[in-house]
Amino acid sequence: MNIISTFIVWTWLLGIALVVPTTLPAGGAQESIIQNRKDNVGSPIIALKDFNLLSSASKNSSILTRVKAGTPVKILKIWDSSDSEKWLLVNIAIQDFNQLFYKRGWVNIGKS
């Protein structure tokens with residue numbers, strides 16, 4: 001009887017040890033940064049490279065300004081276009097002549 005109870009306890013421990021790590025965050029399929037931020041839209045991020053701020057979510061739209069790397073960018077909306085491109089409506093702070101201006105525009109982040 002003691003051998004059976006020991007076998008059951010060890011089987012239970014082995015089962016738990018094999019199942020629990022699958023629920024931990026390390027490893028497995030990882031989402032992109034944008035997908036992780038869907039629940040956190042609105043908090044600022046830092047631009048990692050220079051990009052153009054566009055007036056509308058289309059390839060032919062006019063350029064409002066050039067945003068430099070290191071500029072804080074606040075994401076207002078994420079939009080998937082009909083041609084499976086992903087666009088972000090962003091708000092950026094631009095300092096010009098010792099005044100702080102906020103500009104809103106669109107950024108294309110590529111195919112989704």
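**Close-up views of a predicted protein chain**

View 1. Val9, Trp10, Trp12, Leu13, Ile16 and Val20 together make a nonpolar surface patch of about 630 Å². Patches here are built from residues with over 30% relative accessible area and no salt bridge, with nonpolar side chains (Val, Leu, Ile, Met, Phe, Trp, Tyr) joined within 5 Å and like charges within 9 Å. Areas come from the Shrake-Rupley method with a 1.4 Å probe, and for residues only the protein chains shown count as cover. A quick word on the source: this is a predicted model, in which local features need pLDDT of at least 70 and side-chain atom pairs count only at pLDDT 80 or more, while totals for chains, interfaces and linings use all residues. Residues are numbered from 1 along each chain as its sequence is written, and side-chain values use heavy atoms, with hydrogens and water left out.

Helices (H or I, at least four residues) and strands (E, at least two) are DSSP runs, numbered from the N terminus. Valine 9 is partly exposed, at 46% relative accessible area; in these legends buried means under 20%, exposed over 50%, and partly exposed in between (1.4 Å probe, protein chains only). What number of the 18 residues of α1 is buried? That number is zero, so α1 lies largely in the open. The end C-alpha atoms of α1 are 26 Å apart, in agreement with the 26 Å that its 18 residues should span at 1.5 Å a residue; the expected span is 1.5 Å times one less than the number of residues.

**View 2. Lysine 59 pairs with glutamate 85.** Here the closest N and O atoms of the salt bridge are 3.5 Å apart. A salt bridge is a side-chain nitrogen of Lys or Arg within 4 Å of a carboxyl oxygen of Asp or Glu, and by this rule the count comes to two. Lysine 59 belongs to the loop between β2 and β3 (63-67) and glutamate 85 to strand β5 (residues 85-96), so the pair ties together parts 26 residues apart in sequence. Are the two partners buried or exposed? Lysine 59 is exposed, at 58%, whereas glutamate 85 is buried, at 8%.

**View 3. Aspartate 80 pairs with lysine 86.** In this salt bridge, the closest N and O atoms are 3.3 Å apart. Aspartate 80 is partly exposed, with a relative accessible area of 44%, while lysine 86 is buried, at 12%.

**View 4. Lysine 111 touches Asp83, Ser84 and Glu85.** These contacts (heavy atoms within 4.5 Å) leave out residues up to four places away in sequence. Lysine 111 lies in strand β6 (residues 99-111) and is exposed, with a relative accessible area of 60%. The C-alpha atoms of lysine 111 and aspartate 80 are 9.0 Å apart, although 31 residues separate the two along the chain.

**View 5. Serine 84 has a positive phi.** Its value is about 55 degrees, and serine 84 is not a glycine. Most residues other than glycine have a negative phi. Serine 84 is found in the loop between β4 (72-80) and β5, where it is partly exposed, at 36% relative accessibility.

**View 6. The whole chain puts the close-ups in context.** Two helices and six strands follow one another in the pattern α-α-β-β-β-β-β-β. Of the 112 residues, 21% count as buried. The mean pLDDT (the predictor's confidence in each residue, from 0 to 100) is 78, and 78% of the residues reach 70 or more. Where pLDDT is low, the predicted coordinates should not be read in detail.
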